[in-house]
Amino acid sequence: MTATTDARQGEYVTYAPKGEKCAKCKQGFGPLERVWRLTVERQSGAPAFGPYQHYEKCR
Ligand SMILES: [Zn+2]
């Protein structure tokens, strides 16, 4: 009945760890630059964490 198998995508704002690169533009992040991190919540199993993206220019 309620067979919604679609993964839900969420996102939150954080700071990127050193060495991470933006998934969209492939540039690095500044030390105190805010970034989006995408998460994929699944109904069963642990949530999967996705890549980082620049907060403003890569929305
Ligand atoms: Zn970017």
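Author: Of the 59 residues of the protein, 22% count as buried, where buried means under 20% relative accessible area, exposed means over 50%, and partly exposed lies in between (1.4 Å probe, protein chains only). This is a predicted model, in which local features need pLDDT of at least 70 and side-chain atom pairs count only at pLDDT 80 or more, while totals for chains, interfaces and linings use all residues. Residues are numbered from 1 along each chain as its sequence is written, and side-chain values use heavy atoms, with hydrogens and water left out.

Reader: What secondary structure elements does the protein have, and in what order do they run?

Author: The protein has zero helices and three strands, and from the N terminus the order is β-β-β. Helices (H or I, at least four residues) and strands (E, at least two) are DSSP runs, numbered from the N terminus.

Reader: What makes the site of the zinc ion tetrahedral?

Author: The protein donors are Cys-22 (SG), Cys-25 (SG), His-54 (ND1) and Cys-58 (SG), at 1.9 to 2.4 Å from the zinc ion. Donors are N, O and S atoms within 2.8 Å of the metal (3.2 Å for Na, K and Ca); water is not among the atoms, so sites may look incomplete. The angles among the four donor atoms run from 103 to 121°, and four donors count as tetrahedral if all angles lie between 85 and 135 degrees. The site of the zinc ion is therefore tetrahedral. Along the chain, its donors follow the spacing C-x2-C-x28-H-x3-C.

Reader: How many aromatic pairs does a search of the whole structure find, and why is the pair of Phe-29 and Tyr-52 called edge-to-face?

Author: The search finds two aromatic pairs. Rings of Phe, Tyr and Trp (its six-membered ring) pair if their centres lie within 6.5 Å; planes under 30 degrees apart count as stacked, over 60 as edge-to-face and the rest as tilted. The ring centres of Phe-29 and Tyr-52 are 6.5 Å apart and the planes meet at 70°, so this pair is edge-to-face. Phe-29 is in the loop between β1 (8-15) and β2 (34-41), and Tyr-52 is in strand β3 (residues 48-54), so the pair ties together parts that are 23 residues apart in sequence. Both Phe-29 and Tyr-52 are buried.

Reader: How is the pair of Trp-36 and Tyr-55 classified?

Author: Trp-36 and Tyr-55 are stacked, with 5.2 Å from centre to centre and 25° between the planes. Because Trp-36 lies in strand β2 and Tyr-55 in the segment after β3, this pair ties together parts that are 19 residues apart in sequence. Trp-36, at 14% relative accessible area, is buried, whereas Tyr-55, at 24%, counts as partly exposed.

Reader: Which charged residues sit over the rings of Tyr-55 and Trp-36?

Author: Arg-34 lies over the face of Tyr-55, at 4.2 Å from the ring centre, and the charged end of Arg-59 sits over the ring of Trp-36, 4.1 Å from its centre. The criterion is that NZ of Lys or CZ of Arg is within 6 Å of the ring centre and within 35 degrees of the ring normal.

Reader: Which residues make up the largest nonpolar core?

Author: The six residues are Ala-16, Cys-22, Phe-29, Val-35, Tyr-52 and Cys-58. Such a core is a set of buried Ala, Val, Leu, Ile, Met, Phe, Trp, Tyr and Cys residues joined through side-chain atoms within 4.5 Å.

Reader: What does Gln-53 touch, and is Gln-53 buried or exposed?

Author: Gln-53, in strand β3, counts as buried at 14% relative accessibility. Leaving out residues up to four places away in sequence, Gln-53 touches residues including Cys-22, Phe-29, Trp-36 and Cys-58, where contact means heavy atoms within 4.5 Å.

Note on methods
Tetrahedral: all angles 85-135°; square planar, octahedral: opposite > 155°, others 65-115°.
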